[in-house]
Amino acid sequence: MKLFKKVAVFGIAACFAIGVAALAACEDKDTGEVTDAQWTERLTINLDSVKSGTFTTKSYPTYSKEQAAEYGEWSTHTQTVAIDLVNNILHEVTEEEKYDSGDGTFTTEKSEEYLFSYNNAYYSWRKGYIIENGEPQVEVSAITKSSFINRTEATANEFTIFQIYSQPQYKSQFTYDEATKSYILAQYGTVAASLQFLEDGGVRYIASGTSLLKSEIEYSQIDKTVIGVPASVRADVDAYIAAQQ
């Protein structure tokens, strides 16, 4: 079972374990300051009460793409998992972009996966994990209900790190910065982390272990995430089912 890149999740966990934070970039969808009640509610994820949600991890360099040749390398990784537990659908998209210092070009790799309930059974549809003749291939397989539940719970469990600071008394340890709409602590060297509260009810953590790399972990659109399984995906699953008969 493929989960989020551990560098993003556990890098952030390590930063919070030693209690450090840094400024984060301000984006329009940031809420800003929150009350004590909102602080606790936002930082607590209870999968039993969540009907849907979108979970994202990112890692990216602090220097620009135009500086890739100067530093000799440059890469970004983004993974987004949307979950709908009412209709039993999971949709995951992973995208990586890398700089090749050999020829000075950039390449992008993208993979996509659907896990969903269909005709009283569960199926996995994946594209991009296997490349043949330069083209991403589609893989369809039957999975168990247990596999689907384990996958969705494992995804949500990656974000339980938020609960470390969910109680209101921890809020006083953070300093709110209006310029970045971030709650921050003191930064220690290049190790840093910060958190932002989003307008849609979600939370974003931004962390760095060095001055050249940042990682983000974010959940958003809780109970607002809508996933549609494309007709082409269902057609591929229908073809798979027919081939098994």
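Strand β1 (residues 52-61) pairs with β11 in the antiparallel sense, over eight bridges. Two strands count as paired if DSSP finds at least two bridges between them. Within this pairing, Y60 has K214 of β11 as its bridge partner. β11 also runs antiparallel to β10, joined to it by six bridges. Here K214 of β11 stands opposite S208. β10 and β11 form a hairpin, with four residues between them. β11 is mostly covered, with six of its eight residues buried. Buried means under 20% relative accessible area, exposed over 50%, and partly exposed in between (1.4 Å probe, protein chains only).

This is a predicted model, in which local features need pLDDT of at least 70, side-chain atom pairs count only at pLDDT 80 or more, and totals for chains, interfaces and linings use all residues. Residues are numbered from 1 along each chain as its sequence is written, and side-chain values use heavy atoms, with hydrogens and water left out.

Now the whole protein. It has six helices and eleven strands. These are DSSP runs numbered from the N terminus: helices are H or I, at least four residues, and strands are E, at least two. Buried residues make up 42% of the 245 residues. Contacts are heavy atoms within 4.5 Å. Of those between residues at least 6 apart in sequence, 61% join residues at least 24 apart.

Next, the interior. A nonpolar core is a set of buried Ala, Val, Leu, Ile, Met, Phe, Trp, Tyr and Cys residues joined through side-chain atoms within 4.5 Å. The largest core has 25 residues, of which W39, L43, F162, Y183 and F197 touch the most other members. At least two residues of this core come from each of β2 (75-84), α4 (145-157), β9 (192-197), β10 (203-208) and β11 (213-220). A second, separate core of twelve residues includes A82, I227, V229 and V233.

One residue deserves a look. E97 lies in strand β3 (residues 89-100). E97 is buried because its relative accessible area is 18%. Its side chain makes a polar contact with the side chain of K65, at 2.5 Å. Such a contact is a pair of N or O atoms within 3.5 Å; within protein, one must be able to donate a hydrogen and the other to accept it, and residues adjacent in sequence count only if both atoms are side-chain atoms. Not counting residues up to four places away in sequence, E97 touches residues including W74, F106 and T108.

Last, confidence. pLDDT is the predictor's confidence in each residue, from 0 to 100. The protein averages 84, and 84% of the residues score at least 70. Over residues 1-28, pLDDT stays under 50. Where pLDDT is low, the predicted coordinates should not be read in detail.
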